[in-house]
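Please keep the sequence and the structure in view while going through them.

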Amino acid sequence: MSRIFRSAARVGVGLIFIYAGVVKAMDPSAFAESIRHFRLVSGLLAELLAFYLPYLEIVTGAALVIHRATQAAAVILSALVCIFTLALASAWWRGLDVSCGCFGKTLAVTDLSWAMLRNAMLLSALIWICRSVQSARARRGK
Amino acid sequence: MPSWKHFACLLVLPIFPAALAFAVSNPKPVRGAALIETAEPAAVTLWVDARPERKFNEQHIPGALRLTEEEWDVLIEPVLQQWNLGTPVMVYCEPGCGSSAEVAARLRAMGLEPVNVLEGGMAAWAETQR
């Protein structure tokens, strides 16, 4: 039962990141604009990130869904969620009027506390996936 | 611990589709020498100068409007007022600078199309006027 629950969580989280990546990959200019609004990076770097990050989410999300390199994918996505959350926190601290941009324009979230709560839930799920893969591997090793 | 090969693979793999998408979405700069033959007549092209005010005051393409990332909020309004649907926008700065590409990217993000960057910048335009 717990195995089914673990698989469902892994596939669910993977699909969330694939969806977030596809939405942003379809409109990289809008995502670059969202990145610039945070005033942390600008110019060409913002544009390069706007092209790279969506595909990173798609690839790592797909790795979670197909259960290949799951632990590495979970670690990378956890790092991404942490970076996004820190960026949101710094925007809130500086009083910037930004939308999250996490899911492109489809689910534009202007309430940063809600976006941070969602990120915290995703991060918890990713850490749990990472640990469950590790413990499953340890059990197989016994 | 996950293998470093898995990390490398997951981090490198997205570079390929991202590079392809980047290449497709960013049209090559228009060469100054080819500008006269290929660009729309100056009267219907909206020229955008992405250089500092001092440089703009020294010399600029007739009819050009200034627009920089630093003064975006102030300078974007006149540009939008001048722009009509379908009017080609040509952004330029100094030769080798990156500000025209950045301004062009932001204009594209706002939905303006087509937006091109003048390769060689102001110097290339001056060359065509000789």
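**Exercise 1. Describe how α2(A) and α6(B) cross, and which residues bring them into contact.**

Step 1. The axes of α2(A) and α6(B) come within 8 Å and cross at roughly 115 degrees, where axes are lines fitted to C-alpha atoms, for helices over the stretch in contact, and angles run from 0 to 180 degrees between N-to-C directions. Helices here are DSSP runs (H or I, at least four residues), as are strands (E, at least two), numbered from the N terminus. The model is a predicted one, in which local features need pLDDT of at least 70 and side-chain atom pairs count only at pLDDT 80 or more, while totals for chains, interfaces and linings use all residues. Residues are numbered from 1 along each chain as its sequence is written, chains are lettered from A and ligands numbered from 1 in the order in which they are written, and side-chain values use heavy atoms, with hydrogens and water left out.

Step 2. α2(A) and α6(B) are therefore roughly perpendicular to each other, given that angles under 35 degrees count as roughly parallel, over 145 as roughly antiparallel, 65 to 115 as roughly perpendicular and the rest as oblique. Their crossing is left-handed, a term used if the near helix is turned anticlockwise from the far one by less than a right angle, with right-handed used if clockwise.

Step 3. From α2(A), the residues S29(A), E33(A) and R36(A) meet E102(B), A105(B), R106(B) and A109(B) of α6(B), contact meaning heavy atoms within 4.5 Å. Sorted by class, this contact has two nonpolar, one polar and four charged residues; Ala, Val, Leu, Ile, Met, Phe, Trp, Tyr, Cys and Pro count as nonpolar, Asp, Glu, Lys and Arg as charged, and the others, Gly among them, as polar.

**Exercise 2. Which parts of chain B does the salt bridge of E94(B) and R51(B) tie together?**

Step 1. The side chains of E94(B) and R51(B) meet in a salt bridge, with 2.8 Å from N to O.

Step 2. Because E94(B) lies in the loop between β4 (89–92) and α6 (99–109) and R51(B) in the loop between β2 (46–49) and α4 (53–58), the pair ties together parts of chain B that are 43 residues apart in sequence.

**Exercise 3. Work out how α2(A) and α3(A) are packed.**

Step 1. The axes of α2 (residues 28–37) and α3 (residues 43–66) of chain A come within 8 Å and cross at roughly 125 degrees, which makes α2(A) oblique to α3(A).

Step 2. The crossing of α2(A) and α3(A) is right-handed. Among the residues in contact are F31(A) and I35(A) of α2(A) and L49(A) and L53(A) of α3(A), and the contact divides into 10 nonpolar, one polar and two charged residues.

Key:
Salt bridge = Lys/Arg side-chain N within 4 Å of Asp/Glu carboxyl O.
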